[in-house]
Amino acid sequence: SEFQAVKGLSVCNSMLSLQTARISRLLYSQAVITIFVPTCGLTDCLERVSEEPLEPKLLPAQKWGDLQLAIVEDPLIPEEVKVHIRNHVSTTPHCESLLPHVQVCQSQPFKRDPEMHKVQLRVSSDFHHIASFVLKAFVIVGGTLQFGPAPRTSLEIQTQEALDAVRSFR
């Protein structure tokens with residue numbers, strides 16, 4: 001019947017959407033480092049809204065630069081970490097020079113616990129050495145590195161629920 005054909009088409013479309021969402025989540029999570037961090041100066045600098053509007057492509061590089069300065073100023077961070085960060089800052093004085101190297105640098109508070117933040121970083125392989133010191137700084141202030149694929153997104157959950165509802169409808 002025509003109804004069964006429409007139902008079959010919607011099921012196939014939902015399954016394709018769900019599979020695309022899963023693949024996108026897995027590919028993204030392989031390249032992005034996620035750290036759960038309590039509120040601190042490092043998360044504050046990443047979540048601060050700039051008074052000067054920036055081009056969206058410059059935002060991760062600007063946030064990276066702000067983060068480096070916050071690490072150097074944080075009294076909890078030991079000098080052996082700060083030395084590497086200071087060297088990095090002195091060799092990359094302009095935000096534009098970071099563009100090919102810093103793709104993601106962001107923080108957002110948890111919805112259910114605004115005192116905890118999800119920080120995400122993605123840098124090119126030639127910045128991995130400095131990223132390791134940035135990660136050490138986050139761990140020192142109480143952060144926890146996350147491993148494995150990211151949990152399902154709300155869109156994936158809703159799509160799966162819709163798919164299950166359509167399949168059960170006769």
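Predicted model: local features only at pLDDT ≥ 70, side-chain atom pairs only at ≥ 80, totals over all residues.
1. With strand 3 (residues 116–123) the pairing is antiparallel and extends over six bridges. Strand 4 (residues 144–146) also runs antiparallel to strand 1, and three bridges join them.

2. Ile35 shows both pairings at once. Its bridge partner in strand 3 is Val119, while in strand 4 the residue opposite Ile35 is Leu145.

3. Have a look at Thr34 too, which also belongs to strand 1. Its relative accessible area is 13%, so Thr34 counts as buried, the cut-off being under 20%. The side chain of Thr34 makes a polar contact of 3.3 Å with the side chain of Gln120. Leaving aside residues up to four places away in sequence, Thr34 touches Lys118, Val119, Gln120, Thr144, Leu145 and Gln146.

4. Next comes the largest nonpolar core, which has 31 residues; those touching the most other members are Leu42, Trp64, Leu67, Ile71, Leu121, Val134 and Phe138. At least two residues of this core come from each of strand 1, helix 2 (41–47), helix 3 (59–73), helix 4 (79–91), strand 2 (102–109), strand 3 and helix 5 (128–140). Helix 5 gives the largest share, seven residues.

5. Not counting residues up to four places away in sequence, Trp64 touches His88, Leu98, Val102, Cys105, Leu121, Val123, Phe127, Ile130, Ala131 and Val134. Among these contacts, Leu121 and Val134 are also listed with Trp64 as core residues that touch the most other members.

Methods:
Residues numbered from 1 in each chain as written. Heavy atoms only, no water. Pairing = 2+ DSSP bridges. Helix = DSSP H or I, 4+ residues; strand = E, 2+ residues; numbered from the N terminus. Core = buried A, V, L, I, M, F, W, Y, C linked by side-chain atoms within 4.5 Å. Buried < 20%, exposed > 50% of the residue type's maximum accessible area, 1.4 Å probe, protein only. Contact = heavy atoms within 4.5 Å. Polar contact = N/O pair within 3.5 Å; in protein donor to acceptor, adjacent residues only side chain to side chain.
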